[in-house]
Amino acid sequence: MTRPEPGKQTAASELAEPAREANALARKLGLDPYDVQYWVVDHDEMNELIAYDGFQTRYPHWRWGMKYEKQRKQTQFLGGKAFEIVNNDDPSNAFLQVSNELADQKAVITHVEAHADFFSNNRWFGLFAGGDGPNAAAMLERHANRVEEFLEDPDVGREAVERFVDTVLTIEDNIEYRRAFERDSEGSDPEALSETLASLGVSEEVREEVFTETWLDEVEAVDDDVRFPEEPEYDLLAFLRDHGQAYDDDAGKAVAFEDWQRELLELLRREAYYFAPQRTTKVMNEGWAAYWESMMMGEEAFAAAEEFLDYADHQARVLNSPGFNPYKLGKELWEYVENRANRREVLERLLRVDGVTWRNFHDTVDFEAVANALEPPDALAAVDPDDLDAVESLPGEYVDFGALAAARERDIDVEQYPWKLFTYEGLARRHYSLAKPQYRGFLGRVTRDELEGVSRYLFDTDRYATVGDALDDVEFSAGWDRMYAVRESHNDVTFVDEFLTQEFVDANDYFAYEFSQTRGDFRATSTDAADVKRKLLLRFTNLGKPTIAVYDANHENRGELLLGHEYNGVMLDLEEAEATLERLFDLWGRPVVLHTVTKRVTDAERKRARRNDREPEPEEVGLELRYDGEEVEHTELDWGTVEHLAADDLDYDTKPDEWL
Amino acid sequence: MGLREDLERFREVGEQRRQDLAEFIQYGDLGGSGPDSVRVPIKLVDLPEFQYDKLDQGGVGQGEVEPGDQVGDPEEGDGDGDEAGEEGADHEYYEMDPEEFAQELDDRLGLDLDPKGKKVVEETEGAFNDTARRGPRGTLDFAHLYKQGLKRKIAMDFDEEYVTEALRVEGWGVDEVYEWAREQHVPVSRAWLKEQARTLAGDTDRWASIDELEAELDAEPTKTRIRRGGAGKVPLRRDDERFRHPKIVERRERNVVVVNIRDVSGSMREAKRELVERTFTPLDWYLTGKYDNAEFVYIAHDAEAWEVERGDFFGIRSGGGTRISTAYELAEEVLGDYPFSEWNRYVFAAGDGENSHDDTEENVIPLMREINANLHAYVETQPTDGVQTGTHAGKLRDAFGEGDGVAVTTVTEPGDVMDAIETILSTEEDTDDET
C-alpha cells in the first residue's frame, strides 16, 4: 500500500514539515508522544485501514468486510472525509488521506500527536504494553498468519474457523480488562497499585465498583492453584481456554478442544486485551486529542489564516455530531480539569492575602482586576518579529534563549512559529486559561463550599500583604501540570467520577434520561450531577457491559457451567443473553446456565401506573436461563439463590418520584 | 487473504443472514429500499453478547431540558468515527435487485410466474447465424467457402499414380482405362488420361492384366493422401461464397403496467394504510423484477379519483366519501396508453371494503370485466380493532369465480400480508394455467 504514487508523494513531501513542527510544538507543550510514522493513503486504503482498526493486516474474517462496506458508505455521505486514524503502537502509525485539505491534514497531525502521547503515558495502556511497548502491528500480523494457517488446514476448514471466531467474539468483552494482560504479570505490583488508587482520589463507591476487593486481594496474593473457580472468574475467555470443551455433534457429547481452537481462543483474547484500553479511555483520549489539537491549531495558529475556516469546519463537525459525543464530553472535561486546577492555585494564593477569607472572598476580591493581572504580558501573548528585545525582557523562565538567539540570526521563522521562543512555562502563561475571555468568570463562580475546602488545607504561614503580591506567586502551569498527571493515571470511569461536578453539569447542560414505560418514550430525568454521573459510569464501567462471571464449573454436580450476572439494578437484554448462551454451549460442550435478576411489571401494575400517570414499579425476580444444546429454558429462582448477585449499594436508576 | 476476501465473505454471510423475506415484508423497514434495489436488513452482526436492556439502561444527553421533557430517541454519535477498536452496532443491509427479490419470492411461495412478452421490438442482437449469397466482404463465411472447396476437391480427387499404372497394363489404352476407372467411380477425365499416356515413357506392359495390377497394388484412399500431403490447392468458387448476417430475432418485450389504487378517504386509518403499503410495495418489486420494463400508476380516490406520485401515494389522507368506481374509470382512461396487446396489465386496489351504495354492482364490477388485465386484485384491510362494515370485497367474491383472474384478499394484521401476496400472485398463475 505504500507504493509511491505521484499524488501521494507530493502530499507526503508537503506534510513533512507540518509533521516535524507539530511534534516540536507538542513537545514544547509538554506532550511526550511515541514517535509517529505518517502514511499518506488514498480514500480506499483509508477505508481499509479503518475496517482493520488502523492496521494493515488482520486475521481473515467477514466482519472486516462489513466494516469496510459501512465505512465506504458513510464516507460517501460525508463527502469522502475520513479524518484520522492512528494506532496504538510504538512507533504509532497514523494515516493521512491524500485528498484532504492541508488544514485537515494539519489538524489530524496535531490530534494524532496527542493520541500518541496518551498511548505512551496512560497507565491503562501500560497494562497491555508492559515494559517494551505493545508491538501491536507485529502481533496482529502474526495472528493473521496463524489464522490463515488454520484456514488452509484441510482438517479444519474456513467454515469451522469462522464459526469458532464468531463464537468467541460473543464474549470478547468478558475479560478482566482492569488488570495487566498476563495474569501472573510482574507488571502489576499490588502495593504500587493501591497507592495509585489512593492518589486518584476515587470515591469509595467507584473504587469498589471498578477495583473490586476480590481483584485487589487476588493481585496481592497470587494464587496459582488451578481454580475451579473458588472465586468468581471474570475472564471468561481465559477460563474457557483452560477448561472449555467443544461439542461434537456426531458423538453428541463434549470433546476436548482441538489445538487450533485453544490457540485461536487465546489469540482472540490477546487482541481483546490489546484493544480494551482504547475503549476504557475513549472519552479521556478523544478529549485529550481534541484539546491539544485545538490548542495547537487554533491558539498556536498551526493552521495558517487561510486554512482556519477549513479547520473550524472540521472541528465543528467533530464536536457537534449529535447524540452522546465522547470528543465533546472529553474536551469539556479536560478544560474543566485545567480551569479547576488553575482556580485552586489562584485561590490558595488569594486566601492567604491579609483580610481575605473564604467567607468574605466574593466581597473583597475584584475578579475583573484579578483576571487582568493574570493575562500574559504583551510580548508573550503576541510576538513582534521586529522586536525580539521585548521577548528577551520577559521573565527568564518563559524564554528559550537558544531559540531566541537563532531567531535573531533568522534561523527560526518567528512569524510562523512564535512558540519556538518559549519554554513550557512560557507557553502555559501564554495560554493561561483563566485569562481567556470565555473563562474570565470562572474564578468568581467558585462556590463557598469549594472555598472553604481550599482554605481548610492552608497553613497560616506565607501570608501576602496584597492581592498583587499573591498573584505574583501564581504557578501558571498548575492547570497543565494537573492535566498531565490525570492523563497518566485515570480511565474514563475514574475521570468522570472525579471531575463531573455539578458546576460542570450546569455549565455544559448535561442531563440524564430514562425510558418511560408509561409514555413509551425517552424523557429527561435529572440535571443533577450525581444522576448524570451514574448514567455515565454505567456506560463506562466494565466496557459498558453487564458483569458476568463464572460461578461454578460443575453446577448441580452435572458438569454444567454456571454463570452469574452481577445485577446492578439494570437488567440484561434477555434475548441477547439467550443467544449468547447458545453460542457458549459450543465452548463448554455441556449445558450452560445463567443466573440473573430481571424486572417484571405485571399487567395490573402497568394499568395502574398508566391510570395514575406514573411509572410502573417493577418487581425484581431471580431468573435462570439454561441452554442444553436444544433450547433455552427459563426458570424462576427464589430470591435467596440470586441475592448474592444483586448489589445493594448501587443504583443506576435516575427516575425521580414525581417525574411525568 | 486480505480485505477483498473479507468483503466477499461478508456478502456471503450477509446472504445467509439477511432477514427472512416474509418477516421483512410483514414487519421490516421497507423504507430503505428504492425502485432498483431492495434493502433487506441483515441480522448480522448479531454476534450476540451480554448487554444491558436498552430501555432499562437510560443514558446521558446534552442540551437545555427540564426533567420530564421528552428527549427523542437517543442516537449514538461518535464524532469522526475513527479510533481503533470501535464496533458499530447499526444495521447493515443485504441489497438485492428486484430480479433476485422476485426469484426469492417465487421460491418462497412455490410460484413460477412466467411473464408473457407482448410488444414486439425488433432486435438485431441475434448471433450472425443466417447467411446470404451477397454481403460485405467482411462478413464472408470463409470457413464455409473453404469447406465447400475442399469437398469439391475431394470429390475430384483420385490416386493418380494408381490410375496411371493402369495405362501400363498390356494392351490397354486410354479408352480401356477410362472405362475401367469409371466403373470404379474414379473421377478421371479422358483428357487427363491422354496427357498421361503421352508422357508415359515406355514400359507400357508392366502388368499382364488389370487383375494382376489390382491384386498387386491398392489405390491409396483420398483421406490418407490428404493426411500425408495436405490438401494442396483447394479450388474456391464464387458459387460457394456465403455472407453471414445476424439472425433477426423477433423479441417480444415483457412490459408491465401496474395500477395501484388506494382508498384514501377518512375511514382509512394509519394501521390500514400501512397494511396496504406492506402488500403493494413487495408486489411492485416483484413485478419490476419479473418484467423487462415496468411502469407504475398510482391512483388515490375518495368520492373522486386522481393520479398521484408514488412518494405521496401511501401517505395521502382526504375527507369523507368513497366511490371506488371513480378509480376504475380513471384506471381505464390511463390504461388507454398501454394497449393490452402490448402490455401486461395489473390493477391492484385496496381499501377497507366500504363503497357507496350500489357502486360495486353497478359500476365497479362491470368496469373490472371491461378492463383487460392479467390480474385484478382487491385488498381489503381490516385492522383487528375495527368493526367490519364494508361489503365491497364480499360482492367481488360473489361476482367473480376461479379462473376469472380476480383476486380478493383480506389483510387484518401484518402477519396476513404474505398470505395476501401469495393469494394475489397465485391467482394469476391459476389463470395462466387455464388459458
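**Reading strands, helices and contacts**

Guide: Helices (H or I, at least four residues) and strands (E, at least two) are DSSP runs, numbered from the N terminus. This is a predicted model, in which local features need pLDDT of at least 70 and side-chain atom pairs count only at pLDDT 80 or more, while totals for chains, interfaces and linings use all residues. Residues are numbered from 1 along each chain as its sequence is written, and chains are lettered from A and ligands numbered from 1 in the order in which they are written.

Visitor: Which residue in β2(B) is the bridge partner of A:Tyr513?

Guide: The partner of A:Tyr513 is B:Gly59.

Visitor: How many residues does the contact take from chain A and from chain B?

Guide: A contact is judged by distance, with the C-beta atoms of two residues, placed from the backbone, lying within 7 Å. Here chain A gives 73 residues and chain B gives 51 residues. On the side of chain A that touches chain B, the largest share, 8 residues, comes from helix α3 (residues 62–77) of chain A. That side of chain A divides into 36 nonpolar, 16 polar and 21 charged residues; Ala, Val, Leu, Ile, Met, Phe, Trp, Tyr, Cys and Pro count as nonpolar, Asp, Glu, Lys and Arg as charged, and the others, Gly among them, as polar.

Visitor: At what angle do helix α15 and helix α24 of chain A pack, and how far apart are their axes?

Guide: Two packed helices are described by the angle between their axes and the distance between the axes. Axes are lines fitted to C-alpha atoms, for helices over the stretch in contact, and angles run from 0 to 180 degrees between N-to-C directions. Helix α15 (residues 326–350) and helix α24 (residues 478–489) of chain A make an angle of about 130°, with their axes 7 Å apart. The pair α15(A) and α24(A) is therefore oblique, since angles under 35 degrees count as roughly parallel, over 145 as roughly antiparallel, 65 to 115 as roughly perpendicular and the rest as oblique. Among the residues that make this contact are A:Trp334 and A:Val337 of α15(A), together with A:Trp480 and A:Met483 of α24(A). By class, the contact of α15(A) with α24(A) has 7 nonpolar, 3 polar and 3 charged residues.

Visitor: In what order do the 5 strands of the open sheet in chain A stand?

Guide: The order is β8-β9-β10-β11-β12 (chain A), and the pairing is mixed. Because β8 and β12 (632–637) of chain A each have a single partner strand, they stand at the edges, and one side of each is left without a neighbour in the sheet. The twist averages 30° from one strand to the next. Strands β8(A) and β9 (residues 560–566) of chain A run antiparallel and are joined by 6 bridges, with A:Asp552 standing opposite A:Leu562 in β9(A). In the hairpin of β8(A) and β9(A), which has 4 residues between the strands, A:Glu556 takes a positive phi near 55°. By contrast, β9(A) and strand β10 (residues 592–600) of chain A run parallel, joined by 4 bridges, and here A:Leu563 is opposite A:Leu594 in β10(A). Helix α28(A) packs on the sheet, touching β9, β10, β11 (619–627) and β12 of chain A, and its direction makes about 170° with that of β10(A).

Visitor: Why does A:Ile171 count as buried?

Guide: A residue is buried if 20 or more other C-beta atoms lie within 10 Å of its own, exposed if 12 or fewer, and partly exposed in between. A:Ile171 counts as buried because it has 27 C-beta neighbours inside 10 Å. A:Ile171 lies in the loop between α7 (158–169) and α8 (190–200) of chain A. Leaving aside its neighbours within four places in sequence, A:Ile171 is in contact with A:Leu236, A:Leu237 and A:Leu584. Both A:Leu236 and A:Leu237 are among the buried residues of helix α11 (residues 236–243) of chain A. What covers the buried residues of α11(A) includes α12 (259–280), β8 (547–555) and α28 (574–588) of chain A.

Visitor: How many helices and strands are there in chain B?

Guide: Chain B has 16 helices and 13 strands, and buried residues make up 33% of its 435 residues. An open sheet of 6 strands in chain B has the order β10-β9-β8-β11-β12-β13, with mixed pairing.

Technical notes
Pairing = 2+ DSSP bridges.
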